[in-house]
Amino acid sequence: MSSPAPAPPSVSSAPNAPRSLWTRKHLLGLEDLSRDEILAILDTARAFDEISDRERKKVPALQGKIVFNLFFENSTRTRTSFSLAAKRLSADVQDFSASTSSLSKGESFIDTAKNLEAMGADILVVRHSTPGTPHLLARHVTCSIVNAGDGAHEHPTQALLDLMTIRKHKGRVEGLTVGLVGDIAHSRVARSNIWGLQKLNAKVILCGPPTLVPSAFESLGCEVAHHLDPILPRLDVVNVLRIQFERDQRSVFPSVSEYFRLYGMTRERLARARPDLLLLAPGPINRGVELTPEVADGPHSAILDQVTNGLAVRMAVLYLLSGRAPV
Ligand code: CP
C-alpha cells in the first residue's frame, strides 16, 4: 500500500523565516550586510533545504512575482539555480539573453532594465563583468536587484552557499580557520567569502603566488601566505579558487605545471592536512590545475554539496527580498 501523500507545502510551512530581520530591498554584496542579516539568510536557506527533500518541492511563496535573470557573463550554476529557485517558489522566471537583445541595437543597459521593470519585474538577478553594475541598476530601478557576480568585486550568493556548506559540515563557522587558495586578486568569490567569513568570526588565510595574492589583502584583516604546505595543517576548511584563464593569467605565474606543483590540491598534499579538512571549490573547476580529479571527487570534497546548497540559498534570497515592505 502506498503511503499517504505529504501535505502540500505552503508559504507558512516554508521557512521558519526570520523575515523580520531582513529589511533590505537589494542583495548587492556581503560587505554591506551585518552578521545578523547573513545569519537570517542562512537560517532561511536551512528551512528551504528541507523543502528540497520533500516529494513536492514547490511552495507558493512568490506566486505572482516576476524574476528576470540578466546574465552578461556565462554561468552554469548561478543562472540555473536562480531559475530553479524562482520556479520552486512559484514565481514567473525569464532568462534574458543579452546577445539576442536590443542591447545590440544600442539600447542602454539602464533602459533595458527599465523595460523589464515595465513588464512587471519584481527582482532582477544580474551578472556582469563590470564591478558595480548591480549597484548602478539599483539606483535606477524600483524593483529588487540581486548581484549574481560583478567583475572581481562580489558574488554574494556564492559566499552564502559556501557558508551554508561549512555550517552543515562543521556545525558552525565561528572559530574556524578557512584558507582561500588560488587567484584571490581576480576573485569576486574571494572578496565575498572574506566579508562573510570574518563577519561570522572565522579566521581567513589567503594563499597563492604574490601576483595573485598581494599583501594588500592584509588590510582586510586576513593573513596572507605564499606557501601552501606550511599553512595546510592549520586549516579546518580550504576553498580552492579557480585560475581564471579567461581573464588572461599568462603573466601572473610561470606555467600551469609550476602553479600545480606549488598550490595544486593532491592526495599527497592532503595527507598533511587535518583528517576532517573540508574542501570547497566554487566551480567551475580546472581538474589538474587547482586540484586533481581524485581530490575533487574524494572524501574531503563537498563541491557538489555546495551546488545543492546554492539552490536553497537562492530560494532564501528571493524569498526575503520579495517579502520586504514596499518603499
Ligand atoms: N560558481 C559560479 O558562480 O559558477 P557559474 O559561473 O557556473 O555560475
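Biologist: Leaving aside neighbours within four places in sequence, which residues is Arg88 in contact with?

Modeller: Contact means heavy atoms within 4.5 Å. By that rule Arg88 meets Ser52, Lys57, Lys58, Val59, Leu311 and Met315, with neighbours within four places in sequence left aside. Before we go on: this is a predicted model, where local features need pLDDT of at least 70, side-chain atom pairs count only at pLDDT 80 or more, and totals for chains, interfaces and linings use all residues. Residues are numbered from 1 along each chain as its sequence is written, and side-chain values use heavy atoms, with hydrogens and water left out.

Biologist: Where is Arg88 placed, and what is the nearest side chain of opposite charge?

Modeller: Helices are DSSP runs of H or I, at least four residues; strands are runs of E, at least two; both are numbered from the N terminus. Arg88 is in helix H2 (residues 77-88). Buried means under 20% relative accessible area, exposed over 50%, partly exposed in between (1.4 Å probe, protein chains only). A salt bridge puts a side-chain nitrogen of Lys or Arg within 4 Å of a carboxyl oxygen of Asp or Glu. Arg88 is buried but has no salt bridge. Asp49, the nearest side chain of opposite charge, is 7.8 Å away.

Biologist: Is Ser90 buried or exposed?

Modeller: Ser90 counts as buried because its relative accessibility is 17%. Ser90 sits in the loop between H2 and strand E2 (92-97). Its phi is near 70°, a positive value in a residue other than glycine.

Biologist: Which residues have the most contacts inside the largest nonpolar core?

Modeller: A nonpolar core is a set of buried Ala, Val, Leu, Ile, Met, Phe, Trp, Tyr and Cys residues joined through side-chain atoms within 4.5 Å. The largest has 90 residues, and Leu180, Leu206, Met265 and Leu318 have the most contacts inside it. Helix H11 (residues 303-322) gives the largest share of this core, 11 residues.

Biologist: Which residues are around the ligand?

Modeller: Near means a heavy atom within 4 Å. The residues around the ligand are Ser75, Thr76, Arg77, Thr78, Arg127, His155, Gln158, Pro282 and Gly283. A polar side-chain atom of Arg77 lies 2.9 Å from a ligand oxygen atom. For Thr78, a polar side-chain atom lies 2.6 Å from an oxygen atom of the ligand.

Biologist: What is the peptide bond from Gly283 to Pro284?

Modeller: That bond is cis, with omega near 0°. Pro284 lies in the loop between strand E9 (278-280) and helix H10 (293-296).

Conventions:
Lys and Arg count as positive and Asp and Glu as negative; His and the chain ends are not counted. A polar contact is a pair of N or O atoms within 3.5 Å; within protein, one must be able to donate a hydrogen and the other to accept it, and residues adjacent in sequence count only if both atoms are side-chain atoms.
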